[in-house]
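Welcome! Here is a short tour for anyone meeting this structure for the first time.

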Amino acid sequence: MAVKQFKAESRKLLDLMINSIYTNKEIFLRELISNASDAVDKLHFRGLTDDTVGLGADDYAITLIPDKETRTLRIVDNGIGMTAEELENNLGTIAKSGSLDFKTENSSEELDIIGQFGVGFYSAFMVASKVTVVSRAYGSEQAWKWESEGADGYTIEPAEKNTVGTDITLTIKENTETENYDRYLEEYGIQSLVKKYSDYIRYPIRMMMTHSHPVPKPEDAGDDWEQEYEEHSEMETLNSMVPIWKRKKGETTDEEYAEFYKTNFYDFNDPAKVISASGEGAVNYNAVLFIPASAPYDFYTKEFKKGLALYSSGVMIMEKCEDLLPDYFNFVRGVVDSSDLSLNISRELLQQNHQLKLIRKNIEKKIKSELLSMCKNDREKYEAFWKSFGRVLKFGVYSDYGAHKDVLTDLIIFYSAKEQKMITLTEYVEAMPEAQKYIYFAASDSVERAAKLPNTEAVLDRGFDVLLCTDDVDEFCLQIVREYKEKSFKNVGGGNLELETEEEKEAAKTAAEANKGLLDALCEALGGKVKAVKTSSVLKEHPVALSSEGPVSIEMEKVLKNMPGNDGIKSEKVLEINENHAVFTALKETAAAGDSAKLSLYAGILYEQARLIEGLPVEDPIAYAKAVCSLMK
Ligand code: ADP
């Protein structure tokens, strides 16, 4: 019989399993039971519309058969089974593409793989020296045997099996100094693993359990009678089977929810938040939803698909129903079970389904209120959530021309320059002094940089807070929000900050008029690089600042520059000069002396400096370097 080789990827994963130092080897049972349950689901589902399946709802089961004598543990299901081709394709290759893109040289990475992907069938090799799978597919008379001792490859040959389904035999490894494999052959060891990991599997997981009972003392027993025991065995169902989302509040512990989440949604960490929701009346459903503690590895890739598992009265009809979640809550995982949905509903009909729409609406409300309460009552947790998923919410505000902003603006937080921490928009507005008209924000590539922008300092100096934006979506998001609690947003880099008092405004006007000749000359010297040169009375330390007029800010220009097709989009820049700075006096003197060559040199230097402060590259580095040197001569 020909021994076939595993595909390269599978082989790697297999090696990893065989030589695993992963301490949580026991999860192999969860993986195999969950595969068995999936297979049973498939046949069960089919049986609902196809009489030839011939099994009743109560006939489906997963049976565990440990045997110490042969050191084997069998996992037997009466699910859909596999054909020879399926055995070859499913067990000879790993489906989880990408799982080995991770390097696997050290143990913590190994841990990551196991945690993130759930390694499935191959995890059997963590505890077994040989794995034998005998399977007969539904609709086929022929059974097949797949067998492997690991890295050397596997064999497939015809086999005998009377019933449809899969029968997996693990030959359990011998104990080592550090690992007790015997426990996978002990009834009680297996029972507790099933309770721990597979309690909600919808089908009975059965095992022959042996109990010993004390034999009653015979009446004529003498004083030296010793207690005797009698053994008896019976088939027992090990799991409680009630789906977690069907249980009443208080019947499920946090640990149980966490375990359910981790096994079903392949996360290594406990969820940040568990939300249970249900409806009765217009629409009947139970849902359990989870907010992950961190974004899954593929979250920000095209491969990521949002959605909740959809069940109809306990039978799964769709693994990821997209229509149950808006895009801006795409990170939420979970299960929705409704008795109002027909089992055979098609994807297309589902989209139109009135009940589904109601469920979605309710779920959305519930998620929002839970997030709001987390934001209010557990800010630390919310900030951790925000780190992973804040971007999604901000994109949500921006998307569809702001159609969802009313749902989302309450959930948004930004870094406050004044408070030195993340705050909500409500908190910002509530802390505004009476004289403050606008919600100010500054955008740059880091909080430190945004805080040091000349105009940020100017606003802070007036006692007004500035929200520091560092995400490329931030400005787009705030531009769409436009106003919050009747206060408009103002970009500190957008000019006209309206910080001056009436007197200052008057003085500024006079100064602008008095210096008009100088400012125009500077603007002309810059040859169209800026739209205007203005004096500023609010700048403190900095001699110059760059601001913008019109809809495109300087930070947006940077963002757009990195997107294909948008390179030509520029902001209209204004060079602001601090009228109280010594540099301004120097400019005035140069102008008075009629030295226009020097004035033009100064204009160029100040413009480039303003760009540097804004985090923009120097436009003409050589000319700039020459200009600075010529001053030193
Ligand atoms: P996953 O379950 O994540 O797809 P596995 O490696 O655990 O990955 O299993 C690979 C495939 O083998 C499954 O998707 C399924 O099609 C098939 N399979 C595994 N166990 C069984 C079983 N007991 N009955 C039928 N098919 C099975």
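How many cavities of 30 Å³ or more does the structure hold? There is one. Please keep in mind that this is a predicted model. The points below start with that cavity, then turn to a pocket, the ligand, a helix and a loop residue.

**The cavity**

- The space in the largest cavity comes to about 90 Å³.
- Its lining is made up of Ala443, Leu453, Glu475, Asn491, Val492, Gly493, Leu546, Ser548, Ser553, Ile554, Glu555 and Glu614.
- Sorted by class, the lining of the largest cavity has five nonpolar, four polar and three charged residues.
- To find this lining in the model, you can look for strand 21 (544-549) and helix 17 (554-561), each of which supplies at least two residues.

**The second largest pocket**

- This pocket has a volume of about 480 Å³, and 23 residues line it.
- Closest to the centre of the pocket are Asn496, Leu497, Glu500, Lys534 and Thr535.
- At least two lining residues each come from helix 15 (502-514), strand 20 (532-536), strand 21 and strand 22 (572-578).
- Which element gives the largest share of this lining? That is helix 15, with five residues.
- The lining of the second largest pocket divides by class into seven nonpolar, eight polar and eight charged residues.

**Around the ligand**

- The side chain of Asn35 has an N or O atom 2.7 Å from an oxygen atom of the ligand.
- For Asp77, a polar side-chain atom lies 2.9 Å from a nitrogen atom of the ligand.
- Thr166 also has a side-chain N or O atom to look for, at 3.3 Å from a nitrogen atom of the ligand.
- How much of the ligand does the protein bury? Taken alone, the ligand exposes 530 Å², and the protein buries 80% of that.

**Helix 14**

- Is helix 14 (residues 474-481) mostly covered or mostly open? Helix 14 is mostly covered, with seven of its eight residues buried.
- Those buried residues are Asp474, Glu475, Phe476, Cys477, Leu478, Ile480 and Val481.
- One of them, Glu475, is buried in helix 14 and is also found in the lining of the largest cavity.
- After helix 14 comes Arg482, which has a positive phi, near 65 degrees.

**A loop residue: Ala272**

- You can find Ala272 in the loop between helix 6 (254-265) and strand 9 (273-279).
- Why does Ala272 count as buried? Its relative accessibility is 12%, and buried means under 20%, so Ala272 counts as buried.
- Ala272 and Phe290 are 18 residues apart along the chain, and their C-alpha atoms are separated by 7.4 Å.

Definitions and conventions: Residues are numbered from 1 along each chain as its sequence is written. This is a predicted model: local features need pLDDT of at least 70, side-chain atom pairs count only at pLDDT 80 or more; totals for chains, interfaces and linings use all residues. Side-chain values use heavy atoms; hydrogens and water are left out. A polar contact is a pair of N or O atoms within 3.5 Å; within protein, one must be able to donate a hydrogen and the other to accept it, and residues adjacent in sequence count only if both atoms are side-chain atoms. Accessible areas come from the Shrake-Rupley method with a 1.4 Å probe; for residues, only the protein chains shown count as cover. On a 1 Å grid over the protein atoms alone, a cavity is a set of points where a 1.4 Å probe fits but cannot get out, and a pocket is an open set with protein on both sides within 12 Å along at least five of seven lines; lining residues have an atom within 4 Å of a point. Grid points are joined across faces, edges and corners, and a volume is the space filled by probe spheres set on the points. Helices (H or I, at least four residues) and strands (E, at least two) are DSSP runs, numbered from the N terminus. Ala, Val, Leu, Ile, Met, Phe, Trp, Tyr, Cys and Pro count as nonpolar, Asp, Glu, Lys and Arg as charged, and the others, Gly among them, as polar. Buried means under 20% relative accessible area, exposed over 50%, partly exposed in between (1.4 Å probe, protein chains only).
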